[in-house]
Amino acid sequence: MFRPTLAASALALLVATPALADNPVPEGTTLAEDQTFTFWLLDAIKSMDPQINTDVEGSDVLRQLFEGLYNEDADGSLVPGVATDHEVSEDQTTYTFTLRDDATWSNGDPVTAQDFVYAWRRLADPATASEYAWYMELMQVVNAPEVISGDMDPEELGVRAVDDHTFEVQIATPLPYFPQMVVHASTFPVHQATIEEHGDNWTRPENMVGNGAYVLDEHILGERVEMSQSDTYWDAENVVLTNLTALTINDVNQGLTRYLAGELDRVDVPAGQFPRLKEEYPEQATSTPYSCSYIYMLNVGDSGPEVLNDVRVRKALAYGIDRDIIVNRILQGGQEPSYNWTHWATAGFEAPETEWSTMSQEDRMAEAQALMEEAGYGPDNPVELTLNYNTSEDHKRIAIAASQMLKPLGFDITLNNMEWKVHTDRMQAQDFEMARYAWCGDYNEASTYLDLFTSYSGHNNGEFFNEEYDAVMKESKTAEDPLPMYQEAERILAEEMPILPIYHYAQVDMVKPDIRGLPTENVMQTWYAKDMYRVAE
């Protein structure tokens, strides 16, 4: 897995070989005749545009249709994508990527360094209105803040095509984990001529031009996505799965039913069912750490309810939720209770000890009651709040449990269920009081979590703005060892409580026993269908 202390030369070696991928199928394996893969999506994918998408599920699809500079293997280590290797300048601020000369778009055009320049400028360009524009700033790309704010033209972003097969990036300060950041879908290249010809319609199946191992055949929003092998992909001869289908099923229990009926090859396990399924289907039920954190975000901005301006109320909300019950009685899938933001399995991270994380739940409840009384609230003068969550039986069960846990403290929580797009649109517009939220790391390093609550974040939907927090995270960018800054940032979140941490994810799945190639050791759970195959049973 990625190690942030690797020297620049070692980082280059990490991705220098193989330049041409090997067939993922071990010698002597008997393949099944059927090489299709059908997987489950909880929600409709909002966009097939790499620079517009914000969803984990959207990224899972985009990773099949497009390819960035690097990919990840089953352990989370970097392997070549369009780039075969890179060099880093002595001052660690200039990255020069060598691109393979056989990478091709699905229309036959060559993939060039200019395609990356165009995509990265497009991501930062205010005209694109990407919620992930801030990612260029997180990557420390030179002039990214000025381009994003509109004070500089996109052409002044610190990227250039030295020639067709050499892509250069200048960053403002050394980031040891920078190469790991380029696996994110927002950094994928896009085909400029196609976008200019079709505008917003370029992502329709009949228009889309991609450079991934698969091409888009059909996309019925909220129903299905169909993909098939691309014959122009540079490593097409080693791609085994012929067709991919993603089915959108909003009900997790219905998803499991359809899996057991043979309609799906992979599906999430509904809350509380993992122990039974593991006993009945030991080879199919799996649980592994997954770099995502589940929280309730509080709207502490100008559009939020006045009562949430009181940190005592926010702390009482956090203290009053019994995470052990949620994890051990509701979820039961290997998740861990959370008293901080950054996922426990993040590389190089150690959560700081905070006052509330070391209390017993009985003591937390007593402290929550005292805080509410001090703030002037209680069962006789309740705090009324609305909790939004997107459609899912699991989210509903957790929300009901949390509201019941908080009621004795004097919280009257109204639950408000809505479809994913409506839910996210309202969060982005600060049209909520409390909202179910989950963040999955974009790369395996703590800043992928902690940068989210800076003032420059594109996803700080609760509008928590704190100068001390910003300063700590800014300091972390140049620190030889950023861990103390990350721990201080976590302490500030614990003291100010703009979010209610609930639990850290595990990837809890049912996977058909003949499927091979899904990652088991990569906490990011980044998967590529080109590395997968089915064996004969």
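Where is the place of Pro519?

1. **Ground rules.** This is a predicted model, in which local features need pLDDT of at least 70, side-chain atom pairs count only at pLDDT 80 or more, and totals for chains, interfaces and linings use all residues. Residues are numbered from 1 along each chain as its sequence is written, and side-chain values use heavy atoms, with hydrogens and water left out.

2. **Pro519.** Pro519 sits in the loop between strand S18 (515-516) and strand S19 (533-534). Strands (E, at least two residues) and helices (H or I, at least four) are DSSP runs, numbered from the N terminus. Pro519 is buried, with a relative accessible area of 9%. Buried means under 20% relative accessible area, exposed means over 50%, and partly exposed lies in between (1.4 Å probe, protein chains only). Set aside its neighbours within four places in sequence, and Pro519 is in contact with Ala74, Gln525, Thr526 and Trp527. Contact means heavy atoms within 4.5 Å. Phe39 is 480 residues from Pro519 along the chain, yet their C-alpha atoms are separated by 15 Å.

3. **Two residues with positive phi.** Gln525, one of the contacts of Pro519, also lies in the loop between S18 and S19. Its phi is near 55°, a positive value in a residue other than glycine. Ala129 also has phi near 55°, and it too is not glycine. Ala129 belongs to the loop between helix H3 (113-124) and helix H4 (134-138). Buried or exposed? Gln525 counts as buried, at 6% relative accessibility. Ala129 counts as exposed, at 60%.

4. **The sheet.** Four strands form an open sheet in the order S4-S5-S7-S6, with antiparallel pairing. Its edge strands are strand S4 (83-88) and S6, and each pairs on one side only. Two strands pair if DSSP finds at least two bridges between them. Neighbouring strands of this sheet are turned by 25° against each other on average, direction ignored. Axes are lines fitted to C-alpha atoms, for helices over the stretch in contact, and angles run from 0 to 180 degrees between N-to-C directions. Helix H3 lies across S5, S6 and S7, running at about 170° to S6.

5. **Strand S7.** Look at S7 (residues 166-170) in that sheet. Four of its five residues are buried, so S7 is largely enclosed by the rest of the structure. Strand S5 (residues 94-99) pairs with S7 in the antiparallel sense over five bridges. Thr94 stands opposite Gln170 in S7, and Thr98 has Thr166 as its bridge partner. Strand S6 (residues 159-163) also runs antiparallel to S7, joined to it by four bridges. There, Asp163 stands opposite Thr166. A hairpin links S6 to S7 through two residues.

6. **Helices H16 and H17.** How do these two pack? H16 (residues 467-476) and H17 (residues 483-496) meet at an angle of about 165°, with their axes 9 Å apart. That makes H16 roughly antiparallel to H17. By the cut-offs, angles under 35 degrees count as roughly parallel, over 145 as roughly antiparallel, 65 to 115 as roughly perpendicular, and the rest as oblique. H16 passes H17 in a left-handed crossing. A crossing is left-handed if the near helix is turned anticlockwise from the far one by less than a right angle, and right-handed if clockwise. On the H16 side, the residues are Glu468, Tyr469, Val472, Met473, Glu475 and Ser476; they meet Met485, Tyr486, Glu488, Ala489, Ile492 and Leu493 in H17. By class, this contact has eight nonpolar, one polar and three charged residues. Ala, Val, Leu, Ile, Met, Phe, Trp, Tyr, Cys and Pro count as nonpolar, Asp, Glu, Lys and Arg as charged, and the others, Gly among them, as polar.

7. **Helices H10 and H12.** Helix H10 (residues 311-319) packs with helix H12 (residues 361-375) at about 155°, with axes 8 Å apart. That makes H10 roughly antiparallel to H12. The crossing of H10 past H12 is left-handed. H10 brings Arg312, Val313, Lys315, Ala316 and Tyr319 to the contact, and residues of H12 there include Arg364, Met365, Ala368, Leu371 and Met372. By class, the contact has eight nonpolar, one polar and five charged residues.
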